[in-house]
Amino acid sequence: MSQEPTTYSLFLFLFLSHGVSSYTLPNSRQDLHPLLQKMAEEIIDGSYLNGNVSHMWTDDLSYRVLAYLNSRNVAFTIPSLQAAVENHLEQRLHQPQKLLEDLRKTDVQQFHTAMKCLLEDKKDRLDLKDIIVNLGEIRDRALQSPGMNRSLFLITLERCFQVLNSLECVEILGKLLRGSSGSFLQPDITERLPQDLCKDAFTNLSAVFKDLYDQTSAHSQRALYSWMTGILQTSSNAADDSVSWVSAENLWILGRYMVHLSFEEIMKISPIEIGLFISYDNATKQLDTVYDITPELAHAFLERISSSNFNVRNTSTIHRQGHGLWALELFCKMLGLLVCFYDDLELLDAAVAQVLLHQMIKCSRLRGFQAGVQKLKAELLDIATENQTLNETLGSLSDAVVGLTYSQLESLSPEAVHRAISTLNQVSGWTKSQVIILSAKYLAHEKVLSFYNVSQMGALLGWVSTQDFCSMDRKDLSQVLRSAVSQYVFNLSPAQKQGILSKMIEAGDTASGIVEIQGAFFKEVSLFDLRREPGFNSTVLKEKELGRSQALFLYELLLKTTRRPEELLSAGQLVKGVTCSHIDAMSPDFFLAHFQDFQNNFALLSPYQVNCLAWKYWEVSRLSMPPFLLAALPARYLASVPASQCVPFLISLGKSWLDSLVLDSYKKTSVLRKVQQCLDDSIADEYTVDIVGNLLCHLPAAIIDRGISPRAWATALHGLRDSAGDWLLGVWYDEIKFLCLFRKCDLSSFGFRFFPEILLQAASKMARTLLPKEFLWAVFESVRNSSDKLPSSDPMPGECTAVHGEDTFIRTCELLGSCPGFQPEKAIQVQEHHIVSLGRIALALNESELKQLDLSSIDIVASLSQQTEWTPGQAESILQGFLDDSGYHIQDLKSFHLVGLGATLCAINITEIPLIKISEFRVVVARIGTLLCSTHVLAEFKRKAEVVFGDPTEWTSSVLQELGTIAAGLTKTELRMLDKDLMPYFQPSAIKCLPDEIFKELSADQIASLGPENAAAVTHAQRRRLSPLQLQSLQWALDGAKIHSWQDAPASAGPTRTPYSRSPAGAPLSWGLWLGCPLLVLMAKILW
């Protein structure tokens, strides 16, 4: 029999016999039914169906097979056979070890076919008349499934190089490794890599390792480097150890792995080879990526490059001989990140220093050693400005300008800043105070702000005043929002954004102004303004980021006018506006067909929406329900997960973020208990690590301590098992977040003994998180003990300014002020133009000190109002200070003033709230609704909101979302009158702000309708005032119960097949059959 018919027969054997076996005995591990064994043998022999042999799949073959089965009293239809295959193949996907065993047992031809299926991407669909197989989706999903990818990777290493040519095997390995993000590249994997690859295959595989360098642990990098260098050394022509095997070509093959060369090995590289390498076209690109190179190795490379007559001195000599700077600039560019360590500054002139500084703008990419880089930049800065004024050289100093002192910046002329703006706007790392000074200098040169001069500012845009934005022409502002500089608009203060928005939506031209607003800035548009704009459609909204209140309004609006509701679901951000009633109204077919739209935008969904989706799926197709959705249902539904479904349950849940899926701690405990039950309280191997995914972080300490096998640890934690010295080099980089869990004495010992620079780098990587004090002390002591610049004795707090100088002191203030855990204990004296730099330090200013500040600018006030921990007295001082210094009265305040006042607006006298203009208030309701004001203030804002949105009985879900905490100002009567279906659309912050005596007035139905997120926001004080019936309703809401569904729920919540849980005859097997890659790869031969 020819090979092609054999492959067809093999396909039929696998497709039918495995499928029928699974359907007949779904939970059985027994052998196939004898009749099916006989049928399979007949198919393989070509003697099935009374000897009528056909080697091609014909229109009637599936029916003839069914007739064959029926003749032996095994009843099937095409749909039931297809459903059986789906169920069986789903189980096979969750047995990756079984796949590995099966592929080990295949003969050479079968294995060759399987590998070809992985390698080729030719035909994506296989039409078998009654059944359509989506091979492209099968291949893609199998390559992305936990465990399956690992099995395919391991079998490729074991057998592929004996069956296919090495280039094809390397291509397959590349696909598998990229699909795993490099997680398979553990140190021991190099033991399985072939040592006798042809040159092209070795180069290609090395390229894969280079691409995955950042996803590979430091231990694995060392192991891969050893494998690569072993082959390179073997193939080199080096006669003895005195001749280096490191040629120009070998350096190129190593790529970023060149940083693992030893100092001694680098120093042996011949001048000819290093010169040849540096002249390669792609050498610069390679050297631009050596982010983890150390100063010692960088200096070694620089020394060897100098020995090849490629050096700065030679090229600077050419420059001095009148040949221009082009050669010097080219050479410095060729050095890549090595230029960050060029410290041979003797005889350098100003022009050469400026060229070096220009190239050193990329040094911020280095992983560590920034202190040395900054010192080098400072020295080059001194050389670059010799015999010239700072005004003359400003534009040629690159990002070294960040090191200029505040007094130097103050001395700059507006003209100099204007000339240098193309350099200044590219620089990162400015402090707020520096941005204020430079922005003021630049704007002083400009008489009128236009699109052109604003677009030149780049990072300096942050301190264009709100008033200046408001004075711009609307067309110019519109251009700014569409240009490249718009990326900096996102970082503006709320007051600045509102200033821009108020200009964009000027009276009489609201519609065109709103439509022009793109991206994240669209979220600033008020619900009031949206309601006046009739011209939206799903296409226009695809380029805009929506707030939840906006999405709720727009989805409801567009649903009334669109003929294709699926377009709304595929519009991305609009999915935020889908309510539970919308989901309930979807037909089963429509819901199942478009559930992927929800899944694609899962991060945008609220916990309440996920709960609604879970209930809908449970009702229409519970058997095919993504298992992670079970976590959104009441905890008892987890009992519906049988042991046979544990693996898909863990995989599905492991791909989700449990903290956002389950908010109630009791319910989360129930979910994790089910997880532990499925795991049998242990993680046996790397396959289990693949399966649990993100759940690993939630497992109890007992499992982490005693239940994870060493084999699993190697995969999960990148091999924390080596000696202290080697462990340090790898783990500092691989497991930085674990460092903060060490004791101070251990950290100090490591810091003093090894690398203070790396310890400091670890702290800087987590600068915006709340770090343990012991960790911070260890960092401080390590850096202090390694520095020769700090004073020998600790200065008293009052001496800090004198010891460090104003410049260092201000920078320190900015750093401390940005620390989330910093608690200032003492006020400090600062100049008023440094207020914006204080951050949390400003909280230490008392009321009298705050009154002494010049608060005439809303931008200054906005910087203070970013802090939310002001005492009522402090907040009142800031609010009154702004009104007094600016000359405004409450009735004069614009929308951007209200936004800029932020938390200090809570200090307003409630008798003055009616004075706020409705025209200004209605466009900033959402911003005011983020404030945690007192009940009396919120109640007065609520009365004002009624003027905008009408009586509370008329409020919709979008209005409640827009109001935020203002909704907490509702009275008892108003709260009781709200429809229970609106309860999920309160913001959680509003629930927290409801007074206890008012919250208890909610009915049991209203509380049960809160939804998981709002139920989780209920405070202990509110809970204590509830009746037993209300508490029961609250628990239902926390658990994700559907209103009244608890009365109808079956005693057993186990899954049952519904009419919608299987595919119709002839439908593509794209959801269930993709799970069968372990089987289908074996018949891929028919496609070529």
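In which helix is Lys 503 found? Lys 503 is found in helix α30, residues 494–504. The structure is a predicted model, in which local features need pLDDT of at least 70 and side-chain atom pairs count only at pLDDT 80 or more, while totals for chains, interfaces and linings use all residues. Residues are numbered from 1 along each chain as its sequence is written, and side-chain values use heavy atoms, with hydrogens and water left out.

**Overall composition**

- The protein contains 67 helices and 2 strands; these are DSSP runs numbered from the N terminus, helices being H or I of at least four residues and strands E of at least two.
- Of its 1088 residues, 54% count as buried, that is, under 20% relative accessible area with a 1.4 Å probe and protein chains only.
- Among contacts (heavy atoms within 4.5 Å) with a separation of 6 or more, 71% are between residues 24 or more positions apart.

- Lys 503 counts as buried because its relative accessibility is 18%.
- Leaving aside residues up to four places away in sequence, Lys 503 touches Phe 469, Cys 470, Met 472, Arg 474 and Leu 477.
- Arg 474 and Leu 477 are also among the buried residues of helix α28 (residues 474–482), which include Asp 476, Ser 478, Val 480 and Leu 481.
- The N-terminal end of α28 is capped by Asp 473, with a side-chain oxygen 2.9 Å from the backbone nitrogen of Lys 475.

**Packing of α8 and α9**

- Helix α8 (residues 148–163) packs against helix α9 (residues 166–179) at about 165°, with axes 10 Å apart; axes are lines fitted to C-alpha atoms over the stretch in contact, and angles run from 0 to 180 degrees between N-to-C directions.
- The two helices are therefore roughly antiparallel, a term for angles over 145 degrees.
- Residues making the contact include Leu 152, Phe 153 and Phe 161 of α8 and Ile 172, Leu 173 and Leu 176 of α9.
- By class, this contact of α8 with α9 has 11 nonpolar, 4 polar and no charged residues.

**Packing of α39 and α41**

- Helix α39 (residues 646–654) and helix α41 (residues 665–679) pack at an angle of about 130°, their axes 10 Å apart.
- The contact is formed by Cys 646, Phe 649, Leu 650 and Leu 653 of α39 with Val 671, Lys 674, Val 675, Cys 678 and Leu 679 of α41.
- By class, the contact of α39 with α41 has 8 nonpolar, no polar and 1 charged residues.

Notes. Ala, Val, Leu, Ile, Met, Phe, Trp, Tyr, Cys and Pro count as nonpolar, Asp, Glu, Lys and Arg as charged, and the others, Gly among them, as polar. Buried means under 20% relative accessible area, exposed over 50%, partly exposed in between (1.4 Å probe, protein chains only). A polar contact is a pair of N or O atoms within 3.5 Å; within protein, one must be able to donate a hydrogen and the other to accept it, and residues adjacent in sequence count only if both atoms are side-chain atoms. Angles under 35 degrees count as roughly parallel, over 145 as roughly antiparallel, 65 to 115 as roughly perpendicular and the rest as oblique.
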